[in-house]
Amino acid sequence: MSSTEQPNLVESKSRTAFQAEIRQKRLRKLMRSFSKDPQQLWFSQWQNPLRQDIPINDPNKYLQDLERPFTGDSSNILFVDKEQQGFLTWSNTVKAYRPPPRTGSVLVWSSDTQPSLQAIRSVINQQWIQKFIILISQEGSKAATASSVDLRLENVIFLKTLFKTFEAEYLESFLNHVDVLILSDDKYQQRAGFEVLAGALRGSKHWPLDTQAKLWEWFTARLPRLFEHIKPDAVVMWDAFLNVQLVERDPRRMQPLVDFILSQKIDFNADSAFTVTKCLTTIGILADGLGTRIESQVSRMIDLYFDNIQTPYAEVRAQIAVNLGVLMAIQWHPRWRTAGELVAACGTNDDPLQIRKAQHLPRIQSFIANFDQWRQERLPPPRVSQSTYDRVGLTLLQWVWGTAHSARASSVFPYVMPLLPEIFKMAELNDSSELQLYSSAVLIVLSTISPPHEYVEPIIDNLIGAVKSSPSWRIRLSVLPVLQVFYFRNLLNLPDTSVQRVMDVLLECLRDENVEVRETAAKTLSGVIRCSQRQSIPLLKDRFTRLARRTKLGKRSEKEQFATAIRTLHSAVLGLCALLDAYPYSVEPWAPEIIETLARYSTDPVPISTSIRKCAARFKQTHQDTWAMDQLAFNEDQAQALSTIVSGTSYYA
């Protein structure tokens, strides 16, 4: 660390410690001022005088009350900032706050806190505010390598504490600086403006209503110009500013901001992709922050996004996929009255958690109905990404990918089941690397999710069908690992017929024309045997041994017959290797006999000899720690066979 950086680091740590101390002092003053007697203070039983618990006797009425607008004169309105119930079940009460009075402060500081407040006031003046603004407007130590700057939450929290403590006492002085900072072309000054503005808006929660109205009037007058001024290097700050305002805050406290965001008209074919993406990102943050509080708007938004899913900009379509996931998550809420009702429903209701409810399935089916036509109309490279098929397909895959990584992953299967055949076709498209990548990634992530039990067998059937019917070896190669993971995770829900079908398709793939498919099938077979099909080992061992013995390679000059014989013998060898790999850390009674059989073919042409040597090397590696005991299972000929495979046949032997 250079000598110039060290004082800056010490100063930064001191400033952080000072800000934390100010927050702690305010909390202690608040506890003293809100405590009615020393006992409340000692047991932390104090509470805000505006707090009022709402009994939830009728959840529907409670939700309707949350939708009632606040006009400033509604004395019977209660603000609910933190919604911590109503997803699975309802609690008996919820914490709420009454609106503050129009004039007069809610917070009256106790007399014993006045000396420290006066000490702070003696420091905060116009000169201090100007120095503070200059300080937070400076370029940070990591700014040289950062392409964008984010809000510093420690500054936002400090300013929020300041405005909570002294309310609007210093507001005008700060806003005079913010007026210049937020519209500056310097991103560090713009960040400072956002930090002050975020602290002021967040800290005005319990200000007198008239004072709040002045602040929001000031902000609302500048909001359209501010939003228009947001450039790519400042969008991160804007997103962070919105998150600070929207999280755990009743939307009626900031109705002007909510109304402005919802009033944005989006032109999905505008000249600037960034302008469209900025609007979509803003709406997505609003939806994520407010959740079910804007559920009345969700269906309209989802229809709008599905109607414009073919927009020409890739970044816009990616944000549409993100927003679709956020909006559909808002509509997912089982909402049982009590925990007892939920438990009872789990025994009587087919879908107590509503993961099978596919409200928007008709829209997905309408896309599926057009995929065949869109696939035929695909443009040739390099314009293939502009095809309707690629645009719609990639957006749906991105939406499935995002949903599969969320808490409601299992709810995506009602939508995915009709899409699966098309996803397999997308994975075959060699002229679209992005579409091929996402389709393969979606298949992999879906295999790791536990679906509703009624979808297990149809998914296995689709995977088996893709392996058996696809003319592309790449598809078989990509589907086999998916089949393997899905089989392992859902083994207990698979019927015996499906298990047998999986075994049959793996045995069939051992004779595939492509070497990579054969080797992948062998690895999958090894895992299947290890976890579920141990009773099949004697039959499989005899089958592979007989197949190897009756396969004669013939002459190389007979190319077609020679290639067929190589493929057949290789399948038998891979099958025997799969049996050995199924027990990597033990020597089963039949293992030495298999090794002796493999040794007979260790000098055959590639890929037979290569597969045998790799198998023997794995066997030797996994048994080297226990070889003193394991070697007792081998007779002299079998031990020599293993040595021959591992080290090779000596020329002078």
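Analyst: Phe87 is found in the loop between helix 3 (59–67) and strand 2 (93–97). In this predicted model, Phe87 has a relative accessible area of 35%. Because buried means under 20% and exposed over 50%, with partly exposed in between, Phe87 counts as partly exposed. Together with Leu88 and Leu353, Phe87 makes a nonpolar surface patch of about 220 Å².

The structure contains four cavities of 30 Å³ or more. The largest cavity has a volume of about 160 Å³. Its lining comprises Met328, Gln331, Trp332, Gln354, Lys357, Gln359, His360, Arg408, Ser411 and Tyr415. By class, the lining of the largest cavity divides into three nonpolar, five polar and two charged residues.

The second largest cavity holds about 100 Å³ of space. Helix 8 (187–203) and helix 9 (209–229) each contribute at least two residues to the lining of this second largest cavity. The residues that line the second largest cavity are Leu201, Arg202, Ser204, Lys205, Gln212, Trp216, Gln245, Arg249, Arg253 and Met254. Sorted by class, the lining of the second largest cavity has three nonpolar, three polar and four charged residues.

To return to the part requested, the surface patch of about 220 Å² is made by Phe87, Leu88 and Leu353, and the Phe87 member of this patch belongs to the loop that lies between helix 3 (59–67) and strand 2 (93–97).

Methods:
Residues are numbered from 1 along each chain as its sequence is written. This is a predicted model: local features need pLDDT of at least 70, side-chain atom pairs count only at pLDDT 80 or more; totals for chains, interfaces and linings use all residues. Side-chain values use heavy atoms; hydrogens and water are left out. On a 1 Å grid over the protein atoms alone, a cavity is a set of points where a 1.4 Å probe fits but cannot get out, and a pocket is an open set with protein on both sides within 12 Å along at least five of seven lines; lining residues have an atom within 4 Å of a point. Grid points are joined across faces, edges and corners, and a volume is the space filled by probe spheres set on the points. Ala, Val, Leu, Ile, Met, Phe, Trp, Tyr, Cys and Pro count as nonpolar, Asp, Glu, Lys and Arg as charged, and the others, Gly among them, as polar. Helices (H or I, at least four residues) and strands (E, at least two) are DSSP runs, numbered from the N terminus. Patches are made of residues with over 30% relative accessible area and no salt bridge: like charges are joined within 9 Å, nonpolar side chains (Val, Leu, Ile, Met, Phe, Trp, Tyr) within 5 Å. Accessible areas come from the Shrake-Rupley method with a 1.4 Å probe; for residues, only the protein chains shown count as cover. A salt bridge is a side-chain nitrogen of Lys or Arg within 4 Å of a carboxyl oxygen of Asp or Glu. Buried means under 20% relative accessible area, exposed over 50%, partly exposed in between (1.4 Å probe, protein chains only).
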